[in-house]
Amino acid sequence: MRINKFLAECGVASRRQCDEMIKNGEVLVNGKPCGLGADVTDKDEVTVNGKHVHHEGKKEYYILNKPKGYVCTVSDDKGRKTVMDLLPSRAGRVFPVGRLDYDTEGLLILTSDGDLAFRLTHPKNEIPKTYIAKIEGGVSEAELDKVRGGVVIDGKRTGKCNARVVEQDKNFAKVSVTITEGRNRQVRKMFEAVGKQVVFLKRVKIGELTLRGLDRGACRPLSDEEIKYLKYL
Ligand code: URA
């Protein structure tokens, strides 16, 4: 089996993240650094940063309602709270699927299934992710039309997306935005591109999977049906 798939199945990280670790020389096969094209079997001794990885065990899947003030990494070198602090103590070696910013709330999946993580985050799969964005000072239909049609952020145009106002008063608008990409701070930057500031952001859906019944900061295992749904999304 290709080394990145092997590592992903072991729950080390997504395949793409594993490729980076391989390139950085963090992965040894039978004591030697390996290349991206290396094939391994269960008989090979594989280590990541000196730790043995085992190709066995049942995969785990959690859904978390992330509060703001947590980083989406397994450990943070600045000592900030991470989403791992919100998992039940029985959780195994799971990792967050994609990222929500420190200040963004909402639906986050954590899993030890690197293949599912890869599937959900690869842009070619166009997995819809829905956010509620609170926009200071409101937003006009003309501005929303620009966001819908794609705006240039970090030198590249965003894809088409859905955006509609769900609540409005004289000080702010709440907009439901569904995007199929997952670029860095994408929703905030899309509104910045039309001169608007997002003052609150929450991911409320991945596909049709919602946060229903899950309080802020709470976490639960996904059901078998939900796991199956995400695998075929
Ligand atoms: N878009 C953002 O701006 N932030 C997130 O965390 C997710 C999407």
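Reply: Helices (H or I, at least four residues) and strands (E, at least two) are DSSP runs, numbered from the N terminus. The model is predicted, so local features need pLDDT of at least 70 and side-chain atom pairs count only at pLDDT 80 or more, while totals for chains, interfaces and linings use all residues. Residues are numbered from 1 along each chain as its sequence is written, and side-chain values use heavy atoms, without hydrogens or water.

Start with the shell. The ligand is surrounded by Leu100, Asp101, Thr104, Tyr131, Arg185, Gln186, Val187, Arg188 and Leu201 (a heavy atom within 4 Å puts a residue near the ligand). By class, this shell holds four nonpolar, two polar and three charged residues (Ala, Val, Leu, Ile, Met, Phe, Trp, Tyr, Cys and Pro are nonpolar; Asp, Glu, Lys and Arg are charged; the others, Gly among them, are polar). Helix α5, residues 186-192, contributes the most, with three residues.

Now the polar contacts (N or O pairs within 3.5 Å; within protein, one atom must be able to donate a hydrogen and the other to accept it, and residues adjacent in sequence count only if both atoms are side-chain atoms). A backbone N or O atom of Asp101 sits 2.7 Å from an oxygen atom of the ligand. Arg185 also brings a backbone N or O atom to an oxygen atom of the ligand, at 3.2 Å. Val187 has a polar backbone atom 3.1 Å from a nitrogen atom of the ligand. The ligand taken alone exposes 230 Å², and the protein buries 96% of that (Shrake-Rupley areas, 1.4 Å probe; for residues, only the protein chains shown count as cover).

Next, the domains around the site. The chain divides into domain 1 (3-52), domain 2 (61-123 + 211-231) and domain 3 (128-206) (bounds from an automatic or database assignment). Domain 2 and domain 3 each give at least three residues to the shell around the ligand. Domain 1 and domain 3 have C-alpha centres 38 Å apart.

Arg185 is partly exposed because its relative accessibility is 35% (buried is under 20%, exposed over 50%, partly exposed in between; 1.4 Å probe, protein chains only).

Asp103 touches part of the shell. The loop between β6 (95-96) and β7 (105-111) holds Asp103. Its contacts, leaving aside neighbours within four places in sequence, are Lys68, Arg188 and Leu201 (contact means heavy atoms within 4.5 Å). Two of these partners, Arg188 and Leu201, also surround the ligand. Asp103 and Lys202 are 99 residues apart in sequence, yet their C-alpha atoms are 9.1 Å apart. At 39% relative accessibility, Asp103 is partly exposed.

Follow α5 onward. Lys196 is in the loop between α5 and β13 (198-206). Lys196 counts as buried because its relative accessibility is 17%. A polar side-chain atom of Lys196 lies 3.2 Å from the backbone oxygen of Gly138. Not counting residues up to four places away in sequence, Lys196 touches Ile135, Glu136, Gly137, Gly138, Val139, Glu143 and Phe191.

Other parts of the chain follow. Thr82, in the loop between β5 (61-66) and β6, is buried at 5% relative accessibility. Beyond four places in sequence, Thr82 is in contact with Tyr70, Val71, Thr73, Val74, Ser75 and Asp76. Lys66 is 16 residues from Thr82 along the chain, with 9.8 Å between their C-alpha atoms.

Tyr229 belongs to helix α6, residues 224-232. Its 29% relative accessibility makes Tyr229 partly exposed. Tyr229 touches Ile206, Gly207, Glu208 and Leu209, setting aside residues up to four places away in sequence. From Tyr229 to Glu208 the C-alpha separation is 9.0 Å, across 21 residues of chain.

Thr47 is in strand β3, residues 46-48, and is buried at 9% relative accessibility. Apart from neighbours within four places in sequence, Thr47 is in contact with Glu26, Val27, Leu28 and His52. Asn49 is in the loop between β3 and β4 (51-52). Asn49 is exposed, with 53% relative accessibility. Its phi is near 50 degrees, a positive value in a residue other than glycine.
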